[in-house]
Amino acid sequence: MSYTTTRGIFIDNFSSDIPIMTIHDSGSVLSLVGPFLINLYVEVSQMKDLIKASWADEVEDHLEKTTLPQSKTEQIGNSRIITEYRWNKDDKKEKVVRTYKIEKRFVSKTIAERKTWPKFGDSRNDKPGPNIATTIPAEEIQMQFLSGKDGDKVEENPLDKLKNVNMNIKCRTCGGEHWSFSCHLKGTGLVVEDKKLVQEKVAEPEKNTSTNRPYIPPSAREGATNTAGKRDPYSRSYDEVPAIRIENLSESTSEADLSELVNKFGQIARIFLASNKVTGACKGYAFVNFKSKMDAERAIKALHGYGYDHLILNVGWSTNNYKYA
Amino acid sequence: MKPLMLQGHERAITQIKYNREGDLLFSSAKDVTPNVWYSLNGERLGTYNGHTGAVWCIDVDWKTTKFLSGAADNSLRLWDVSTGVEIGNISSNSAVRTCSFSYSADLASYSTDQAMKQDCEIFIVDARDNESFKNSEPILRMTVPESKVTSLIWGTLDHTIITGHEDGAITQWDLRTGKSIETVKDHQGSINDMQKNRQGTMFVTASKDKTAKLFDVDDLSVHKVYVTERPVNSASLSPIFDHVVLGGGQEAMDVTTTAAQAGKFDARFFHVIFEEEFARVKGHFGPINSLAFHPDGESFSTGGEDGFIRVQSFDPTYKEFRFDY
């Protein structure tokens with residue numbers, strides 16, 4: 001039996017003791033996939049501690065306190081809303097509203113069959129659909145694309161930066177402007193005879209700066225641009241290009257209008273249009289994140305003072321973009 | 001993207017794996033129960049209850065009928081995927097560190113830890129039916145006296161197996177003779193993970209020496225190197241793009257001794273050919289221990305030391321992204 005392997009193409013005589021498998025195309029069938037949990041809302045009921053006027057009220061109140069309303073399921077088009085009530089740890093009623101999206105997709109027969117398997121093990125008693133105890137829709141996140149060499153910049157050592165900063169370093173051996181351990185006279189036994197002279201020369205201009213200057217942490221010192229400590233830990237977009245703020249938009253502006261307006265200037269990472277939650281009307285301002293700073297600069301230049309709808313736009317860098325992120 | 005958080009484990013995730021079609025996601029952790037999930041909506045299908053120690057390794061056969069798990073309770077167990085019933089149990093002399101089905105799933109291989117006077121050993125067993133798995137002596141038993149096996153994959157056409165070792169060596173074993181064919185030592189630290197590409201011609205390693213490397217399956221030559229500044233715990237190749245995703249982070253024991261800086265627990269995307277990082281995805285608040293691309297390349301999952309599994313589906317921006325060169 002020959003044993004040769006050609007890379008990329010599998011050509012071989014298989015030995016009989018390891019049978020080869022053949023893959024059959026199983027075809028596709030329409031199957032229910034999901035449901036997808038798209039929204040979860042938990043409301044804790046407030047207990048009313050009022051003095052009851054009559055015993056009848058108390059009985060009613062007691063009933064209300066000890067029984068849970070029936071759970072109900074509503075089906076509206078492609079979404080299913082399940083409302084359930086439960087007791088939480090503090091013995092307060094909790095209303096749990098779960099919104100599922102139902103979707104049908106063409107999948108292969110094997111996948112469709114597996115979708116019908118009953119749950120087992122610790123999930124034995126779970127209802128169909130994701131259990132909120134084990135499956136949680138996480139917060140929206142952005143994939144961060146690194147443009148050019150941005151990735152390397154982040155990794156620079158903060159100590160390297162400090163080396164370039166004048167920190168009034170003075171060598172104990174010769175009085176020069178370097179650390180004692182890196183003195184060229186170290187270990188030689190040589191001591192500069194006129195050490196005092198050198199020292200005085202160096203010490204003179206330092207006097208007024210070093211004595212009455214308050215302590216400045218290394219991260220805040222001049223030249224230390226890698227401000228790891230100062231960075232807002234909750235900001236999600238620290239290495240994104242800062243947002244630009246567009247003001248004086250008309251009420252009828254929609255997100256689509258806005259993206260049409262700004263996408264001429266370059267690739268956009270995110271658009272946030274402040275709008276009234278009830279009416280959907282624009283509140284008059286928006287934030288746009290471009291992928292590159294150059295594009296953002298061009299957009300500011302071009303759009304500042306530009307007449308849009310019947311208003312003159314006011315465009316600039318967003319000053320505190322962390323808060324709005 | 002809006003990830004799904006799967007919270008089925010009480011302790012750090014050790015391994016996650018998709019089945020061949022990618023509709024199911026298997027996970028194991030340092031607790032005792034491996035889990036299986038529908039990857040599309042994060043619904044938990046079930047748990048495999050029976051182990052009494054941390055589960056180190058899992059694998060599923062290509063038909064998604066059999067599921068293998070090895071644990072620190074000195075046992076390798078075979079399960080029925082659909083019901084969670086244990087159908088086979090092999091006890092070993094020390095903890096089972098790695099396990100893997102051959103492509104046809106007629107054979108399975110596993111390796112045990114070096115412990116006390118027990119040498120690290122690699123076993124090949126017949127996994128065709130329950131009886132043969134339960135009763136038979138191993139088909140092949142290879143002792144590894146030097147450095148213990150930390151990851152294991154099957155080579156081309158199931159003729160060889162490839163093992164990654166704690167000292168960074170990678171060895172190819174001939175299953176006909178039971179002897180090693182070739183050993184290369186391109187890594188300086190423990191090989192935490194090895195994953196083949198879709199065609200099975202190359203595999204990517206993840207090593208504690210802060211690099212991931214792309215190897216040829218047949219001659220174990222290094223093609224590409226991906227350098228990071230933290231230990232790499234897992235790496236996976238995209239089935240549709242020339243992308244590789246690396247997961248890792250500083251070890252728990254080092255957290256207090258190094259400067260805290262955001263972005264060390266990210267999943268990092270590198271271009272396979274240019275070896276350059278181009279994107280990151282945040283989410284975990286501990287190192288990523290295991291990650292895997294969905295077989296359709298449209299999403300990927302990560303399992304972290306924090307005990308969560310996150311299923312991330314790519315936004316259109318990822319598919320539109322073109323690497324600048």
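Trainee: In which element of chain A is Ile244(A) found?
Mentor: Ile244(A) belongs to strand E7 of chain A. A strand is a DSSP run of E with at least two residues, a helix is a run of H or I with at least four, and both are numbered from the N terminus. This is a predicted model, in which local features need pLDDT of at least 70, side-chain atom pairs count only at pLDDT 80 or more, and totals for chains, interfaces and linings use all residues; side-chain values use heavy atoms, with hydrogens and water left out. Residues are numbered from 1 along each chain as its sequence is written, while chains are lettered from A and ligands numbered from 1 in the order in which they are written.

Trainee: Why is Ile244(A) called buried?
Mentor: Buried means under 20% relative accessible area, exposed means over 50%, and partly exposed lies in between (1.4 Å probe, protein chains only). Ile244(A) has a relative accessible area of 0%, so the residue is buried. In chain A, 28% of the 325 residues count as buried.

Trainee: Which residues does Ile244(A) touch, not counting those up to four places away in sequence?
Mentor: A contact requires heavy atoms within 4.5 Å. Among the residues that Ile244(A) touches are Val288(A), Phe290(A), Ile300(A) and Trp317(A). The C-alpha atoms of Ile244(A) and Trp317(A) are 4.4 Å apart, although 73 residues separate the pair in sequence.

Trainee: What makes a group of residues a nonpolar core?
Mentor: Such a core is a set of buried Ala, Val, Leu, Ile, Met, Phe, Trp, Tyr and Cys residues joined through side-chain atoms within 4.5 Å. The largest one has 20 residues, and Ile244(A) is one of the six that touch the most other members, together with Ile246(A), Leu249(A), Leu258(A), Val288(A) and Phe290(A). Elements of chain A that give two or more residues to this core include strand E7 (244-247) and helix H6 (255-262). A second, separate core of 18 residues includes Met143(A) and Phe314(B).

Trainee: How do you know that Asp23(B) forms a salt bridge with Arg114(A)?
Mentor: A salt bridge is a side-chain nitrogen of Lys or Arg within 4 Å of a carboxyl oxygen of Asp or Glu. For Asp23(B) and Arg114(A), the closest N and O atoms are 2.9 Å apart, and the pair qualifies. This pair crosses between chains, from a loop of chain B to helix H2 (residues 109-115) of chain A. Asp23(B) has a relative accessible area of 10% and is therefore buried; Arg114(A), at 3%, also counts as buried.

Trainee: Why does the pair of Lys115(A) and Glu43(B) join two chains?
Mentor: Lys115(A) lies in helix H2 of chain A and Glu43(B) in a loop of chain B, so the pair joins two chains. Their closest N and O atoms are 3.6 Å apart, and this is a salt bridge.
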